[in-house]
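Work through the exercises below with the structure open. Each task is followed by a solution in steps.

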Amino acid sequence: MSEVKIKSNNLNVFYGDKQALFDVNLDLNEKEVTALIGPSGCGKSTFIRCINRMNDVIDICKVTGNIEIDGVEINDENLDVVSLRERVGMVFQKPNPFPKSIYDNISYGPKIHGKGETKSELDEIVERSLKKAALWEEVKDRLDEPGTGLSGGQQQRLCIARAISVNPEVILMDEPCSALDPIATAKIEELIDELKKTYTIVIVTHSMAQAVRVSQKTGFFHLGKLIEVGKTEKIFKNPDNKMTQDYITGRFG
Amino acid sequence: MNFVLIFLIVIFSSSLFFYGKSKTKSISIERNIKLNALPKFYGYYLVLWSSIPALVFLLVWSLFEPVIIKSIIIETAANQGAIFNDKNEANLIYEKIKAIHLGTYFGDIDTILKESAISYSKFLNIFTNSKIVLIFVTIIASVIFSLKKIKNNNKAREDVEKILKGLLFVSSLIAILTTLGIIFSLLFESIKFFSVINIFDYLFGTNWSPQRAFIRDASAITAAEYDELRDAFGFVPLIAGTSFIAFIAMFVAVPIGLFSGIYMAEYASSKMRRISKPIIEILAGIPTVVYGFFAALTVGPFFRQIGESIGLTVSSESALAAGLIMGIMIIPYISSLSDDVINSVPQSLRDGSYAVGATKSETIKQVVIPAALPGIIGSVLLAVSRAIGETMIVVMAAGLAANLTINPLESTTTITTQIVMILVGDQEFDSPKTQSAFALGLTLFVATLILNYIAQRAVKKYREKYD
């Protein structure tokens, strides 16, 4: 059993008057893929956006409770979000490469954090990140072309490479394949399998099949509450909760 | 008369809409057939067919009627023994006849004029009556034609679409032709100017004093006279003054406008934005002449006082005062437009930047601004063309003397101001002085065109496309 990397304790999130998460207690293990499933609007994305404090961007959003990474509280006003986000990368639902060259897309993060002071160091980071994201072979001859000119699947891998470039410990993925075709999806899933050797990964997905394929642990959310969490195998074969059973067999959602 | 006719045509054909609609409905019931289009399309069809031919006829008639009447009247007057040597005299007689007809002529009326005036009103009557009859005939013919079509259950939808497309085409044609017309009129007058003044003397001359060419017959200018005129039409001081004032204005407006646009779009709360944006936009609604007051009566003297207190000679009409006020005037263009452009940059790009740990200002500088750059440059360009074209503030605050200077504390002048100066008051149109206004207009037009082209190329090259 691997160690707990991220621990949430009575986590509540409010958007204005509306409560989006209710007392979520969830442990995420190091170097493992945790899948979060549940019907739309159930709070999965809200939960992972707490881990890198992306909810800060939304004015009306308020978070209470605790989230610890390696035992350090991150839901703390005094915490430096810049270094938190350096440790916790994120990949979004829709590929969102910057309208810059492929090279600049990857070197953007390291430059901001002052890594890679010389051109050759940056070159190395770019190459390593693209290789890890399994994109290097496809783009190595056209690094100065715009990232927005790539196909959807390539763009998403570019975004993964961008997240990797700052050498994070955790990667959050918010439905990373929902805008992609099956072939691109298969490539990303393969990549996730490879990445879990180095990173702790949390993936939000609407596809049960994907959760089964890529994750070791699965959490089921419903209406802002964490209904059930456990080993993926157990959740999908023999869930404890009736609601989980109904959801994974497609009776609602 | 014509307005009454147009009004009647429009009323009549609009009322046909309901007739066409109900008629086709009853046709479809009577004959038990499916109509080729909704009944309302038959209504539109009738409206368009009954109004457009009549209106076009009226337009063409009104264009040619005066010309034809004039030639007839002048001919009859000549037959009656009126004497005129050239076209101008003929025109004069025609105007006299018209004035007699209207009862506004107070000179001596001889028999020829009197006779002509009588025949003028006779012809006018004939023409008006036949106009009304012919329009009536046109309407009846086109209504009969379109009714027949409707009864045959024609494809009214396609026909109406075609007619509408035609109307839209004609509108854009009018827009294009008017632009071309303006350009050509500029061009022809400028050619007249350049046939007197050498184009190189104009483009590279450093002295502008067109009043020296006052009252001089351009068609018979001697070499000695030309030598004297050679350095009266030097364009350089004007373009220098124009660019200088525009530069000062942009120096004020671009940073303030851009920064306030960024603040509005990225930092201001929605409440703050709701209140302050309209306030900034009010600046754009102030008439330029008011800015002119302000520049001439407040800012100019203020600068002179400050200058005197530190021992500088500052002209009370200075490029600095005009440029500064002009800059304030164009702030809202830049801030409002760049605010809109920045707002339209997708949130997902900002999220992507925050997610790798960039701060807000890093995100704005490195992701948002580059993505919004084409729009921002567009707004700056609009501001530049405003600055170059602005006249009133310069007239009031920067003076009229064409000094070739880069001292912002001296008075200077711009192309547009000089055009105003040249064309104000009584002018004879064959003097190079008057014609030089058209040459200036043309040069300004070409300069703006080149500027736009360069900017568009630059935008294309540096734009960062997002979808």
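**Exercise 1. Find the strands that pair with S3(A), and state the direction of each pairing.**

Solution. Step 1: strand S3 of chain A pairs with strand S8 (residues 200-204) of chain A in the parallel sense, over four bridges. Strands (E, at least two residues) and helices (H or I, at least four) are DSSP runs numbered from the N terminus, and two strands pair if DSSP finds at least two bridges between them. Step 2: S3(A) is also joined by four bridges to strand S9 (residues 217-222) of chain A, and these two run parallel. Step 3: take A:Ala35 as the reference residue. Its bridge partner in S8(A) is A:Ile203, and in S9(A) A:Ala35 stands opposite A:Thr218.

The model is predicted: local features need pLDDT of at least 70 and side-chain atom pairs count only at pLDDT 80 or more, while totals for chains, interfaces and linings use all residues. Residues are numbered from 1 along each chain as its sequence is written, and chains are lettered from A and ligands numbered from 1 in the order in which they are written.

**Exercise 2. Decide how S3(A) is enclosed, and which residues cover each face.**

Solution. Step 1: apply the burial cut-offs. A residue is buried if 20 or more other C-beta atoms, placed from the backbone, lie within 10 Å of its own, exposed if 12 or fewer, and partly exposed in between. Step 2: five of the five residues of S3(A) (residues 33-37) are buried, so the strand is largely enclosed by the rest of the structure. Step 3: sort them by face. A:Val33, A:Ala35 and A:Ile37 are buried on one side, and A:Thr34 and A:Leu36 are buried on the other.

**Exercise 3. Locate A:Leu223 and A:Asn167, and describe the phi of each.**

Solution. Step 1: A:Leu223 lies in the loop between S9 and strand S10 (225-231) of chain A. Its phi is near 50°, a positive value in a residue other than glycine. With 15 other C-beta atoms within 10 Å, A:Leu223 is partly exposed. Step 2: A:Asn167 is in the loop between H6 and strand S7 (170-174) of chain A. The phi of A:Asn167 is near 60°, again positive in a residue other than glycine. A:Asn167 has 17 other C-beta atoms within 10 Å and is partly exposed.

**Exercise 4. Describe the contact between the chains from the side of chain A.**

Solution. Step 1: the contact takes 24 residues from chain A and 19 residues from chain B, where two residues are in contact if their C-beta atoms, placed from the backbone, lie within 7 Å. Step 2: helix H2 (81-87), strand S6 (88-91), helix H3 (102-112) and helix H6 (152-164) of chain A each supply at least two residues of the side that touches chain B. Step 3: by class, that side has 13 nonpolar, six polar and five charged residues. Ala, Val, Leu, Ile, Met, Phe, Trp, Tyr, Cys and Pro count as nonpolar, Asp, Glu, Lys and Arg as charged, and the others, Gly among them, as polar.

**Exercise 5. Describe the build of chain B.**

Solution. Step 1: chain B has 16 helices and zero strands. Step 2: its C-alpha atoms fill a box of roughly 85 × 75 × 35 Å, taken along the principal axes. Step 3: of the 467 residues of chain B, 33% count as buried. Step 4: B:Gln456 lies in helix H16 (residues 432-462) of chain B. B:Gln456 and B:Ile377 are 79 residues apart in sequence and 8.9 Å apart in space, C-alpha to C-alpha.
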